[in-house]
Amino acid sequence: MTTFTAPGLSVDSATTVAESLQERLSALNDLHLTLKHIHWNVVGANFIGVHEMIDPQVDLVRGYADTIAERVATLGFSPRGTAKAIEDDRSWGDYSIGRDTAQAHLGALDLVYDGFITSHRAAIEKVGELDPITEDILIGQTAELEKFQWFVRAHLESYTGELANAGRTSETDAAEAARSAG
């Protein structure tokens, strides 16, 4: 428990915000690792395009993790950026696709972004009334992550506006659907 926090924020509110941010920090660290895993394991005809598209996402997500960790520290708490923290905070499964085609990885990554963005939006809702500064940070991050998801979906979308992985609820199923459609 901290004895200080940012001016104008109660210790109780800061505790709630910091706990929410810790989960987001672990999720960002996991997303960064997932993106690098895809970067290293993508193969096939669209390899170079996807390989190069992922790197800016990795860099931005790493920066987001740093911003969140620094916000936790600003609130008077100690951010945990370890593998154990990811494991402890995780409410999601490990990325399940290994070496596979660009389409397969993009189909699965779309679901990863669905889950991540949904949970970032939930954090916005949770901290919004308590700390508008943290809310603003999360809103900005979510906007960019939604844009990255649009980049991913552009590879999965047909000319009729349908996604190749539509209706799939597991990464494996989404990858298979995208692979088959691509």
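A residue is buried when its relative accessible area is under 20%. The exercises below apply this cut-off to a predicted model.

**Exercise 1.** Determine whether Arg24 is buried or exposed, and identify its surroundings.

*Solution.* 
1. Arg24 is located in helix H1.
2. Its relative accessibility is 1%, and therefore Arg24 counts as buried.
3. Beyond the neighbours within four places in sequence, Arg24 is in contact with Phe116, Ser119, His120, Ala123 and Leu138.
4. A polar contact of 2.8 Å joins the side chains of Arg24 and Glu23.

**Exercise 2.** State which elements build the largest nonpolar core, and examine the contacts of Leu145.

*Solution.* 
1. The core comprises 45 residues, and Leu31, Leu35, Leu109, Tyr113 and Leu145 have the most contacts inside it.
2. Two or more residues each come from helices H1 (11–41), H2 (47–74), H4 (102–127), H5 (132–156) and H6 (171–181).
3. H4 supplies the largest share, 12 residues.
4. With neighbours within four places in sequence set aside, Leu145 is in contact with Leu31, Val61, Tyr64, Tyr113, Phe116, Ile117 and His120.

**Exercise 3.** Describe the span annotated as a domain in UniProt.

*Solution.* 
1. The unreviewed UniProt entry assigns "domain: Ferritin/DPS" to residues 19–157.
2. The end C-alpha atoms of residues 19–157 are 37 Å apart.
3. This span is 78% helix and 3% strand.

Definitions and conventions: Residues numbered from 1 in each chain as written. Predicted model: local features only at pLDDT ≥ 70, side-chain atom pairs only at ≥ 80, totals over all residues. Heavy atoms only, no water. Core = buried A, V, L, I, M, F, W, Y, C linked by side-chain atoms within 4.5 Å. Buried < 20%, exposed > 50% of the residue type's maximum accessible area, 1.4 Å probe, protein only. Helix = DSSP H or I, 4+ residues; strand = E, 2+ residues; numbered from the N terminus. Contact = heavy atoms within 4.5 Å. UniProt positions renumbered as here; feature names shortened; annotations may be inferred. Polar contact = N/O pair within 3.5 Å; in protein donor to acceptor, adjacent residues only side chain to side chain.
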